[in-house]
Amino acid sequence: MTGILKSREAILALAILALLALVAMRFPAFILPGNLANVLTDTSPLIILALGQMVVILTKCIDLSIAASLALCGMVAGLLNMAGVPIAVILLAVIVLGALLGAFNGLLVWKLGIPSIVVTLGTMTIYRGIIFLLTAGKWINAHQMSPEFKAFPRAMILGFPVMTWIMIAIVAIFAVLIYRTPLGRAFFAVGGNPHAAVYTGISVGRTQFAAFVISGTLAGLTGYLWVARYAVAYVDIAGGFELDVVAACVIGGVAIAGGAGSVAGAVMGALFLGIMKNALPVVGISPFAQMAISGIAILVAIAFNARSSRQKGRIILKQAEHRTVEGTA
Amino acid sequence: MTSTVDPMATAPGRGRNIPDRLVPGWKRALKSWEALLFAVAVAIFIANSLASPYFLDPWNLSDASFNFTEKAIIAFAMAMLIIAGEIDLSVAAIIALASTAMGLAMSAGASVPVLVLIGLATGLICGAFNGFLVAGLGLPSIVVTIGTMSLFRGIAYIVLGDGAFTGYPDAFGWFGQGYVWWVFSFELVLFMVMAVVFGLLLHATNFGRRVYVIGNNATAARFSGVRVDRIRFILFLLTGLMSGIAAICLTSRLGSTRPSIATGFELEVVTMVVLGGVNILGGSGSIPGVVIAALVMGLVTFGLGLLNVPGIVMSIIIGALLIGVIALPRLWKMART
């Protein structure tokens, strides 16, 4: 099992290197350390959200409201900033708000047993709608934001901006959380076999709730980073980003049926998409082609994941017990 | 009561509750999801006619039907797909691709029948592609269709960039703007015909029974001789075809094609299906439910539109409706026990 996981991540790493090599042949400056650092910074929001989405998917759920939560928290950050609230308080506020938004999703899934795809489909439109109610559709533009607000994610420490350091810190926290804590094991247990999880004393609902709170919290934090970095906030920021996030997870080998995935995989899945997004214009491929190419990347990744999971020799009846949106192999 | 995981998991030892005697049919019908939804629809209808004097005008109601007919005809096919335990998130992208294909053909001087054929064929090809990946290769449909959603719409973006196809022939406008009889537009008639066709297909044929069987237990279905993958493939084909038809109507109604056409339709279609009482995990649901859900969504949007409520506020209400109608019965059940 770990052998397959390891080799899957190795293959993904090779794919990323191959992608970089391909781009470098056309445009060598792309792989200069400075540019790669920029790509890494650019991809940081995707990496952070992919980790949040990963824990949700691990527990057999999905969070389609992640981008809407990001946008709502980002807008609230912008509004607080206009009201003159200091950065530290804003950071705290968006994290708490994000956690609350995630908790709302989580409660509906946990206490009422509503399928997560239905819950988050609903909250995704509700959260975005709330932005409109807060602002009446107005934008917050760069000149309305205080210089400190915009400068924080860009401030350079040891050659990387703060945003990148936050991403690195979150990856490190996740590496510990997922592999070294009871909660981390619970995510895998709940997704791998809910029945067995219950018998070992793990509450399925509570674990799913925790996953949603984590994904909401990360969306909240990213909301501030996003708005401050791009120096604009409006209703539709990060529109459709939830699909990029799911795509990053899928490319990173997180099984959509739950129970399998890794921090390294999710990070690399996000990096793969991020590098592609940055490289296409550089090598002269129309940015309009990006959507089709990421579609193909997702399909290839799923086909590959399915092949490697089939090698595990799953029992046919086990699949019948767990009716999910997964197709039978 | 179903949840994302098997209910057994959260309550060990409590199996599915099978009553020892059946409640009379009319009593069951009264307590059904469709009846509840129908009551909601009637309430919204009455509230709307009280709130705005313009609501009860037949022509206004006919105009209002345009904002749900295209989504509803996809929702019928999507309902069957979801009952069978699959999902297709690429329907809006299929519309974009089919519309782009028709635009290309139009630029090359194709006649109206050819445009229609191209729209239908593109839908079928996209559906077949989804069906092949899911039924043929055994990949999970939710991620497959997230992928094909990017792929199909991505192709539309490659062809069109930030441009648009305009100048469709006048005769083509009939599908989205023409009337068959009095206030009954082509789209409204199409909606009614498709409701009957899909209602019969799901509730009165062997094929329909098999769809339920697959949704409840695909493995048992396989052992009972149901050709599970073939039916799954056909369902994707049907959903693709309906998306192609919707593309024809929408393109004809708008008179132009942009790559961003029908953005977000997939979520509204899924909302319609779930609101109609179809279990998102498969195995149960009905076409009449989806029909009423389409009417509810159409009435809500139209009524709020008459009251000058902005579109995004309507989407909050649709979102709240989706969660509310599913949460309320469960909350009620919890409060009673």
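## Legends to the close-up views

View 1. In chain A, 78% of the contacts with a separation of 6 or more are between residues 24 or more positions apart. The model shown here, as in every view, is predicted. Chain A holds 14 helices and 2 strands. Its radius of gyration is 20 Å, close to the 20 Å that the globule rule gives for 329 residues, so chain A is as compact as a globular protein of that length. Its C-alpha atoms fill a box of roughly 60 × 50 × 35 Å along the principal axes. Of the 329 residues of chain A, 53% count as buried.

**View 2. Chain B as a whole.** Chain B is built with 15 helices and 4 strands. A compact globule of 337 residues would have a radius of gyration near 20 Å, and the 21 Å of chain B agrees with that. Along the principal axes, the C-alpha atoms of chain B fill a box of roughly 65 × 55 × 35 Å. Buried residues make up 50% of the 337 in chain B. Take the contacts in chain B between residues at least 6 apart in sequence: 78% of them join residues at least 24 apart.

**View 3. Helix α12 of chain B.** This helix covers residues 228-254 of chain B, 27 residues in total. At 1.5 Å a residue, α12(B) should span 39 Å. Of its 27 residues, 21 are buried, so α12(B) is largely enclosed by the rest of the structure. An α-helix has 3.6 residues a turn, so residues three or four places apart point the same way.

**View 4. The residue after α12(B).** Gly255(B) follows the helix. The phi of Gly255(B) is positive, near 70°.

**View 5. Where chain B touches chain A.** The contact takes 57 residues from chain B and 55 residues from chain A. On the chain B side, these elements give two or more residues each: α1 (7-10), α6 (112-136), α7 (141-160), α11 (218-223), α13 (265-275) and α15 (311-336). The largest share of that side comes from α7(B), with 14 residues. By residue class, the side of chain B that touches chain A divides into 36 nonpolar, 17 polar and 4 charged.

How values were computed: Residues numbered from 1 in each chain as written. Chains lettered and ligands numbered in written order. Predicted model: local features only at pLDDT ≥ 70, side-chain atom pairs only at ≥ 80, totals over all residues. Expected span 1.5 Å × (residues − 1). Buried ≥ 20, exposed ≤ 12 C-beta atoms within 10 Å, placed from the backbone. Contact = placed C-beta atoms within 7 Å. Nonpolar A, V, L, I, M, F, W, Y, C, P; charged D, E, K, R; others polar. Rg over C-alpha atoms; globule rule 2.2 N^0.38 Å.
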